[in-house]
Amino acid sequence: MFSGLSGLVIEDVTDEGELIRVRACSRRVPVPCPECAVETAHVHGWCERTVADVPVDGRPVVLDVRVRRLACRDWRCPRRTFREQLSGLLERYQRRTVRLTAQVGAVARDLAGRAGARLLSVLGMPVSRHTALRALLRIPLPVVATPRVLGVDDFSLRRSRTYATILIDAETRRRVDVLPDRRSDTLAAWLREHPGVRVVCRDGAAGYADAVHQALPDALQVGDRWHIWHNFAQAAGKEVAVHSGCWASASRVRRLEGGKTTTLARWQQVHDLLDAGVGLLECARRLNLALNTVKRYARVDKPEQMRRAPQYRPTLVDPYQEYLRKRRAEEPAVPVLQLLREIRERGYTGSQNLLYRYITQGRVEDDRPGLSPRRLARLLLARPDNLKPDQHELLAKTTGACPEMSALAALVRAFARLLVPATDNADRLQEWISTAEKVNLPNLHSFIRGLRLDLDAVRAALTSDYHNGGTEGVNTKTKLIKRQMYGRAGFHLLRHRILLG
């Protein structure tokens, strides 16, 4: 029952009802002096310590221990007396045994403060939530050897405000360390203190790239394929939206007439000023437009690309669209209230205002958009094997209606094949870049400029088997830990929980 107290001499065990009290004393063996290491067993006096131990039969155990104050035998030692320490059983100044502290910390590691304190009280180890968290911080962190392949990624402590950095062994996926921020000098200092890293897997963050260049100029940097594809998907989605005025007619959307004059006029004004040598900022001042608006008009070669296909949500009027179209064709001057009465007789439960807006927007005569830019981008970026036959047909019809969309579809398929690591992907990537730059797709050109800024890491990502997926998985678990309120307890507690998990 008290095998964990084998380093003591048990003198008495008393049942006091709600708790069990154990009286013990230390063994009378020589102990080395902490100052000069000379062993001594000469007792100068006795000290009493009262600590809590692991429960027995669901009841708390209180341990009254008498420990010796010993006198050093070396007269030259500056420390004349000292109190013996029971290593492995008691720690200096602690009110709990080492094994009780370890059990409290293990519960707090998985359940945090409040939930852990409630469970510990049921188990016969009553502590406060603050004590449970302090016990977790006393658990020693595992010593991990410096990995050969290091995974680096950031995660938010407070979204859009404070970020930290997680480091893992990309081969074994074991957590290595957590840094308090994502600054390049912090990571560079850690890399200098832990030599031996040969490969660094990271995302496209420039700060991490600079840190590796400073501390490990010979290390191989590998970009993350998921982030590369994600950035490419964003650029492709923007191109799909830009050309929605071209492919919209192939997906049964209404004609684009509203605002056409204003858009054409603005596009013409911006390009007239640019052709005259006026800068972008001066164009914005003269036309009283935002600078980003001027940039958006400037990068478009045709004004039709500025138009967007309208997007409508399903409404209660949709089931009666054919009937309303037929009635307005038969009687163009039919009042809206008359139409409202007629469709209510057929089951319409919506309001009068909804019907007014539906007719005013022209949705009676024209079909509701059958395909939104986001949905088309999703079809364009999906695996062809995962698409149904009707989706293949819709994708071919919409992309075939616009030359730029046809070129974009071919570029998407070619780029997707590059994400399967192969030794010849570096040459194929250069060929893909040359092909993409010849097509009039400005958003894709912006993506290519980003690739060129980190071209070596991108090439390594497409040619090697290394990736940063393990770090992303750790970040996913870190979000779960933060939802358990570890984030509010501070960075040090969160770091312990991540490294001990």
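Glu11 sits in strand β1. Before I go on, this is a predicted model, in which local features need pLDDT of at least 70 and side-chain atom pairs count only at pLDDT 80 or more, while totals for chains, interfaces and linings use all residues. Residues are numbered from 1 along each chain as its sequence is written, and side-chain values use heavy atoms, with hydrogens and water left out.

A word on names. Helices (H or I, at least four residues) and strands (E, at least two) are DSSP runs, numbered from the N terminus.

Back to Glu11. With a relative accessible area of 45%, Glu11 is partly exposed. On this scale buried means under 20% relative accessible area, exposed means over 50%, and partly exposed lies in between, using a 1.4 Å probe and protein chains only. Leaving aside residues up to four places away in sequence, Glu11 touches Arg23, Ala24, Cys25 and Arg66; contact means heavy atoms within 4.5 Å.

Strand β1 (residues 8-15) runs antiparallel to strand β2 (residues 20-26), and seven bridges join them. Two strands pair if DSSP finds at least two bridges between them. Thr14 stands opposite Arg21 in β2. The hairpin has four residues between the strands, and Gly17 there takes a positive phi near 90°.

Next, the open sheet. Its five strands come in the order β10-β9-β8-β11-β12, and the pairing is mixed. From one strand to the next, the twist averages 25°. Strand β11 (residues 199-201) pairs with β12 in the parallel sense over three bridges, and Cys201 has Val222 in β12 as its bridge partner. Helix α3 (residues 184-193) lies across β8 (149-158), β9 (162-169) and β10, at about 140° to β10. For angles like this one, axes are lines fitted to C-alpha atoms, for helices over the stretch in contact, and the angles run from 0 to 180 degrees between N-to-C directions.

Now two helix pairs. Helix α5 (residues 225-242) packs against helix α13 (residues 373-381) at about 135°, with the axes 9 Å apart. That makes α5 oblique to α13. Angles under 35 degrees count as roughly parallel, over 145 as roughly antiparallel, 65 to 115 as roughly perpendicular, and the rest as oblique. Residues of α5 in the contact include Trp229 and Phe232, and those of α13 include Pro373 and Leu376.

In the other pair, helix α19 (residues 469-483) and helix α20 (residues 491-500) have axes that come within 11 Å and cross at roughly 130°. α19 and α20 are therefore oblique too. Val474, Thr478, Ile481 and Lys482 in α19 meet Leu494, Arg497 and Ile498 in α20.

Does the length of helix α15 fit, or what should it span? At 1.5 Å a residue, the 16 residues of α15 (residues 403-418) should span 22 Å, and the end C-alpha atoms are 23 Å apart, which agrees. The expected span is 1.5 Å times one less than the number of residues. Among the buried residues of α15 are Leu408, Leu411, Val412 and Phe415.

Last, Ser434, in helix α16 (residues 425-437). Ser434 counts as partly exposed, at 33% relative accessibility. Ser434 and Leu191 are 243 residues apart in sequence and 37 Å apart in space, C-alpha to C-alpha.
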